[in-house]
Amino acid sequence: MSETIPTASDSSSLDSSNSKVKSAIEALSHILTSLPPSLSSSPNPAFALLNDPQITSQISSLLRQPNSGAGDNNLCRWLYDTFQLSDPNLHLVVLRFIPIIAGVYLSRVALRKHLAGFEAVLLALYAHETTSRAGQALTVNIPDLSNSSIYHETKASLKKDGTEQNVAVMSPSLEPHGTVRSSRRARIVGVALELYYSKISKMPVGSKIDFCEFCLVWAGQNGDMYKEGLVEEEKEKGDSGTDESEKEGRGEIEGRIPLPWELLQPVFRILGHCLMGQTKNKELSEAASAACRSLYARSLHDLDPKAILATESLLRIGKMELEANNDSDPTDLPKSHLITL
């Protein structure tokens, strides 16, 4: 069995990456109150920077402070400079905090606060994606179901090639933007979330829970009344009456923001991963389900058919995942039906 021998270029690239990470850690040490002593000596300092609970807790706390996000904010400057180092490992560190940055930013926009620091970070991610996509849209090929299957015989002649596929646009092509205007805000934040989703398998669980919690705030609707089922399922059960607690639950809660489709699309993809991802975590599943219920209530309130369809699908998927994780086997006979000889 042959082994891959590291080349000089690989060694040089590793040294360059380690140098960038150490530079970022040195700059961060002047912002946070303390850093773990083992961080600099860690064999993989970028991984430690991404997952260390002490560091992430301090950064999260600073990003949530009332004066965070201003143009002269040191932490926002560090996140911006760190992302501009163009190191893939450091990109993950910055992306880990995108749920909090986007969440706090969108929640404060209506307050007309100066948030140039947050906007600089979001624009850096947007510019990165604009360059990476090179003017191309993100598309996916969908087979044309109107064509006959190759496993079935048919006498009807095909009007077109059976292998022809329909192309669906997941994310339109991007135009360069140097500032965040109200008409561009949802698109710029949505692209940042798309980049986050592209690396979500490498994100810590805590980052995903942060995202789910902000979805609750953005939705601005209490979805607890849908814990037992969706609107159609409630109608099938014959629950036509609505008690006072449900009426109160359908009310709006503080933090509600506009939710255009260009922002909802990456939100739904991220929530889908939280519900169906390979890493099973009960707290994350519960947070994602709560976010889906709130967004479902919001879509019903807004009468948004696409959002209603998407949130209903996510809620059903969450229910299926919960049933799949149940230890009981539905094929087992009840003990009362067993015959003991």
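## Nonpolar surface patch

A patch here is made of residues with over 30% relative accessible area and no salt bridge, with nonpolar side chains joined within 5 Å. In this predicted model, Leu138, Val140, Ile142 and Met170 make a nonpolar surface patch of about 280 Å². The largest contribution comes from strand β1, residues 138-143, which gives three residues to the patch.

Leu138 is placed in strand β1. Its relative accessibility is 37%, so Leu138 counts as partly exposed, a class that lies between the buried limit of under 20% and the exposed limit of over 50%.

## Overall content

The protein contains 15 helices and two strands. Of its 341 residues, 40% are buried. The accessible surface of the protein comes to about 20,200 Å², and carbon and sulfur atoms account for 53% of that area.

Among contacts in the protein with a sequence separation of 6 or more, 74% are between residues 24 or more positions apart.

## Helix α5 and its buried face

Helix α5 covers residues 74-84, and its buried residues are Leu75, Cys76, Trp78, Leu79, Thr82 and Phe83. Viewed down the axis of α5, these buried residues fall within an arc of 160°, so they line one face of the helix. An α-helix has 3.6 residues a turn, so residues three or four places apart point the same way.

Just after α5, Ser86 adopts a positive phi of about 60°.

## The N-terminal cap of α5

Which residue caps the N-terminal end of α5? The cap is Asn73, with a side-chain oxygen 3.1 Å from the backbone nitrogen of Leu75. A polar atom of the Asn73 side chain also lies 2.9 Å from the backbone nitrogen of Cys76. Both Leu75 and Cys76 are among the buried residues of α5.

Asn73 itself sits in the loop between α4 (53-63) and α5. With a relative accessible area of 18%, Asn73 is buried; the cut-off for that class is under 20%. Apart from neighbours within four places in sequence, Asn73 is in contact with Asn67 and Ser68.

## Asp210 in helix α10

Asp210 belongs to helix α10, which spans residues 205-219. Is this residue buried or exposed? Asp210 is buried, at a relative accessible area of 11%.

The side chains of Asp210 and Arg64 are joined by a polar contact of 3.5 Å. When neighbours within four places in sequence are left aside, the residues in contact with Asp210 are Arg64, Arg96, Pro99 and Ile100.

## Positive phi in two loops

Arg112 is not a glycine, yet it has a positive phi of about 60°. Arg112 is located in the loop between α7 (98-108) and α8 (116-133). At 75% relative accessibility, Arg112 counts as exposed.

Ala134, likewise not a glycine, has a positive phi of about 50°. The loop that holds Ala134 runs between α8 and β1. Ala134 has a relative accessibility of 59% and therefore counts as exposed.

Definitions and conventions. Residues are numbered from 1 along each chain as its sequence is written. This is a predicted model: local features need pLDDT of at least 70, side-chain atom pairs count only at pLDDT 80 or more; totals for chains, interfaces and linings use all residues. Side-chain values use heavy atoms; hydrogens and water are left out. Buried means under 20% relative accessible area, exposed over 50%, partly exposed in between (1.4 Å probe, protein chains only). Helices (H or I, at least four residues) and strands (E, at least two) are DSSP runs, numbered from the N terminus. The arc is that of the directions from the helix axis to the C-beta atoms. A polar contact is a pair of N or O atoms within 3.5 Å; within protein, one must be able to donate a hydrogen and the other to accept it, and residues adjacent in sequence count only if both atoms are side-chain atoms. Patches are made of residues with over 30% relative accessible area and no salt bridge: like charges are joined within 9 Å, nonpolar side chains (Val, Leu, Ile, Met, Phe, Trp, Tyr) within 5 Å. Accessible areas come from the Shrake-Rupley method with a 1.4 Å probe; for residues, only the protein chains shown count as cover. A salt bridge is a side-chain nitrogen of Lys or Arg within 4 Å of a carboxyl oxygen of Asp or Glu. Contact means heavy atoms within 4.5 Å.
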